[in-house]
Amino acid sequence: NAKKPLGEQINYTITGIDAGGGIMSATDKAIEDYKLTNWQLQPSSSAAMTSTLEKAIKDKRPIVVTGWTPHWMFTKYDLKFLKDPKESFGTAESIHTIVRQGLKKDEPSAYTVLDRFHWTPEEMSDVMLDVNNGMDPEKAAEKWIKANPDAVAEWTKGVSKVDNHKLKLTYVAWDSEIASTNVVALVLNQLGYDTTIQAMEIQPMWASVATDAADGMVAAWLPRTSGAFYKDYKDKVDDLGPNLEGAQLGLVVPTYMENINSIEDLKK
Ligand code: PBE
């Protein structure tokens, strides 16, 4: 079986996530750029993708998934990004915080915290791993906040408390955004906000902030992944810049697939 070409072994299938994700269109582009003519990208969800990955790893079977960092899967499994010499997935990405245009005036405390919110891929991964291990996302956020008082103090220093003002943050239920949104919401609540967080698809998330239906979101992967949404909505929102730098996207395989190191190798 191991002698068969990789494509035949896995039905020429790349295991993807929800169809709206920027990583899905980037993968379509990679299939084109590298002329992976008989390959197909199978849409599913983040959760289904990681469970398919887990099963393959248990049996040491080959598998190719759409992957990104920060993500707990790199902590839990031995994985590698396939080299992408044609840069179909772009280079390093950042995750930006995007708020509604009136927020600065209406809720200066929330605006300041959202503007200052900034952490590292490692910090985000800590929260993601706890959630993956079964901790409730709110509890995982609380644990992280308790363990990182200096970071939280930097975001909240000198910010006036409020008396139970309502706020709404929207997000997409990717593991990374579950982590960041819960942490930010809890920090805001400690300042007196009553923050609702609401998960939705990527397009409604952008629209919610652009139309003032939500106050903000911390889930804008740029310049590439959510670039199309940014282009559509940039004049109707307030871009507060990166809250995390050094994110990466691509095709990911277990390290035991020793002969597969570049997207080019999928043609072997
Ligand atoms: N992701 C995680 C998203 C952005 C965050 C890589 C799955 C995507 O749009 O593909």
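Me: What separation do you get between the centres of domain 1 and domain 2?
Reply: 28 Å, taken over C-alpha atoms. The model is predicted, so local features need pLDDT of at least 70 and side-chain atom pairs count only at pLDDT 80 or more, while totals for chains, interfaces and linings use all residues. Residues are numbered from 1 along each chain as its sequence is written.

Me: What makes up domain 1 and domain 2?
Reply: Domain 1 is 6–91 + 249–267 and domain 2 is 95–246; the bounds come from an automatic or database domain assignment.

Me: How many residues of each domain are in contact with the other?
Reply: Twelve residues of domain 1 are in contact with 16 of domain 2, where contact puts two C-beta atoms, placed from the backbone, within 7 Å. On the domain 1 side, helix α2 (residues 22–33) gives the most, with three residues. Helices here are DSSP runs (H or I, at least four residues), strands likewise (E, at least two), all numbered from the N terminus. By class, that side of domain 1 has five nonpolar, seven polar and no charged residues. Nonpolar takes in Ala, Val, Leu, Ile, Met, Phe, Trp, Tyr, Cys and Pro, charged is Asp, Glu, Lys and Arg, and the others, Gly among them, are polar.

Me: Which residues of helix α8 are buried, and what puts them on the same side?
Reply: In α8 (residues 137–147), P137, A140, A141 and W144 are buried. They span an arc of only 100° around the axis, so they sit on the same side; the arc is that of the directions from the helix axis to the C-beta atoms. K139 and K146, on the other side, are exposed. The cover over the buried residues includes α7 (121–132) and α10 (175–190). Buried takes 20 or more other C-beta atoms within 10 Å of a residue's own, exposed 12 or fewer, and partly exposed is in between, with C-beta atoms placed from the backbone.

Me: Why is N11 called exposed?
Reply: N11 has 10 C-beta neighbours inside 10 Å. The limit for exposed is 12 or fewer, so N11 passes. N11 also has a positive phi, near 60°, without being a glycine.

Me: What surrounds the ligand?
Reply: I17, G21, G22, I23, W68, W174, S176, W221, T225, S226 and L249, each with its C-beta atom, placed from the backbone, within 6 Å of it. The shell has six nonpolar, five polar and no charged residues, and each domain supplies at least three residues.

Me: Which bond joins T69 and P70?
Reply: A cis peptide bond, with omega about 0°. P70 is in the loop between β3 (65–69) and α4 (73–76).
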